[in-house]
Amino acid sequence: HFYYGEEENVRGEWQGRLAANLGLRGEVRADDFARMSEGKHPRTGEQLVEQRVPHEYKTAEGRTVKTMGHRAGWDATFSAPKSVSLTALAGGDERVREAHREAVRVAVDKMEVYVQARMGGNRPPENTQNWAAAKFEHDTARPVDGYPAPQLHTHVVFFNVTETREGEHRAIQPKELYRSQQYGTAVYRAELAWRLRELGYDLQAGKNGAPEIKGYSREYVEANSPRSQQIQEHLKEAGLSGAGPAQIAAHRTREEKLPLDRTDVKALHRAVAEAHGNQPSRVVREARERGPAETHDPARHAHAAVTYARDKCFEREAVVDQRDVLKEALKHASGKAPSEQVSKAFDERVNRGDFVAVNRERPGAPSAHYTTPAT
């Protein structure tokens, strides 16, 4: 309902090896989405994974326990940094939107490599490396005082089903999904930064290391972040602070999504931009004039980033998950090398013996663990 109820013009797109195997390509149809949520084959309707209905039972000690039902899937959101949203939407640079889209696609592919099936009983999970994901791209945040701020973000729904080597369908082992989360974010940001520099944009690292496009005043950015300000005000009034209350406030202050059509929304974005001196169109124009950034030798930057990541990760740990090394390297290389180069540099360093693979301390871990020769 969340994807099909609110805006008719949000079209979904399938991705993932399992999606392709099940014949799901291109646009997401509501009936396919519904069947996948129920763990059914989208074409034949056959039940692929057991639908466990939650039920209650009493233990020997007389405690009532409620079992978990089958989880339909997970929703991960890839959000473009605020200045990137302003450039794509208020500045109307379709190439920036495309850069966001491509960065999401690469991140989802890279995360798929770590997908595992739950095998049941005390059997270790199997590394299946396949899933089905439905992506939905949105371009506004929830309205505040009637203003839906520009916010480019993609919801990616990963369905709770994967295919084993034997061709059986199983539920996904969620623990590794959570372990891949930060790695996926790092891939998305590194890819986005690389593509934006190729388009001629000047970047700086924002908070949490997200790539922000230079050229916007603080006032203009804040005028387009009414949501976070509104949450802060709500907290102040209630005399609360901290992340827990912030989440509660976010729910209490939600305005319904407005039935504004796209031309209304664009006009609102333009009006706010005009009130602040039309910064987005200037930023876009300057990027087009500047052209692709001269990135000297991305391979060298990728190697330097891997060295940095190795030093940082092994400062406190003796054994490190490959995803953590790659995550730090990607953060460090942001904008100077695409994620593919960073992965390649890492592999070269493994072959050279700079990293030593450790026998897996967890049976069935989907990711290699490494230590250094010195350790």
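I took helices (H or I, at least four residues) and strands (E, at least two) as DSSP runs, numbered from the N terminus. S180 is found in helix α5.

**Entry 1. Ground rules.** I am working on a predicted model, where local features need pLDDT of at least 70, side-chain atom pairs count only at pLDDT 80 or more, and totals for chains, interfaces and linings use all residues. Residues are numbered from 1 along each chain as its sequence is written, and side-chain values use heavy atoms, with hydrogens and water left out.

**Entry 2. The chain as a whole.** I noted 13 helices and 15 strands in the chain. For burial I used relative accessible area: buried is under 20%, exposed is over 50%, and partly exposed is in between (1.4 Å probe, protein chains only). On that scale, buried residues make up 46% of the 375 residues in the chain. A contact means heavy atoms within 4.5 Å. Of the contacts between residues at least 6 apart in sequence, 66% join residues at least 24 apart.

**Entry 3. S180.** I went back to S180 in α5. Is S180 buried or exposed? S180 has 2% relative accessibility and therefore counts as buried. Leaving out residues up to four places away in sequence, I found S180 touching M111, Y114 and R323.

**Entry 4. α5 against α12.** I next looked up how α5 (174-198) lies against α12 (322-333). Axes here are lines fitted to C-alpha atoms, for helices over the stretch in contact, and angles run from 0 to 180 degrees between N-to-C directions. The axes of α5 and α12 come within 9 Å and cross at roughly 20°. That makes α5 roughly parallel to α12; angles under 35 degrees count as roughly parallel, over 145 as roughly antiparallel, 65 to 115 as roughly perpendicular and the rest as oblique. α5 passes α12 in a left-handed crossing. A crossing is left-handed if the near helix is turned anticlockwise from the far one by less than a right angle, and right-handed if clockwise. From α5, E176, R179, S180, Q182, Y183, A186, V187 and A190 meet R323, L326, K327 and L330 of α12.

**Entry 5. α11.** Helix α11 covers residues 298-313, which is 16 residues. From first C-alpha to last, α11 reaches 22 Å, close to the 22 Å expected at 1.5 Å a residue; the expected span is 1.5 Å times one less than the number of residues. I listed P298, A302, H303, A305, V306, A309 and C313 as buried in α11. They cover an arc of only 160° around the axis, which puts them on the same side of α11; the arc is that of the directions from the helix axis to the C-beta atoms. An α-helix has 3.6 residues a turn, so residues three or four places apart point the same way. What do the buried residues of α11 pack against? Their partners are α5, β13 (320-321), α12 and α13 (339-352).

**Entry 6. α11 against α12.** The axes of α11 and α12 come within 8 Å and cross at roughly 130°. These two helices, α11 and α12, are therefore oblique to each other. The crossing of α11 past α12 is right-handed. On the α11 side I noted A304, A305, V306, Y308, A309, K312 and C313, which meet D324, V325, E328, A329, H332 and A333 in α12.

**Entry 7. α10.** Helix α10 (residues 279-290) has 12 residues, which should span 16 Å at 1.5 Å a residue, and its end C-alpha atoms are 16 Å apart, which agrees. Q279, P280, V283, V284 and A287 are buried in α10. Seen down the axis of α10, the buried residues fall within an arc of 135°, so they line one face of the helix. R288 and E289, on the other side of α10, are exposed. I found the buried residues of α10 packing against α3 (82-90), β12 (211-213), α6 (218-223) and α9 (262-275). G291 follows α10 and has a positive phi, near 75°.

Entry 8. Most residues other than glycine have a negative phi. I noted N278, not a glycine, with a positive phi near 50°. N278 sits in the loop between α9 and α10 and, at 36% relative accessibility, counts as partly exposed. Q129 is not a glycine either, and its phi is positive, about 55°. I placed Q129 in the loop between β6 (126-127) and β7 (133-140); its relative accessibility of 33% counts as partly exposed.

**Entry 9. H155.** H155 is found in strand β8 (residues 150-159) and counts as buried at 10% relative accessibility. The C-alpha atoms of H155 and D75 are separated by 6.3 Å, with the two residues 80 apart along the chain.
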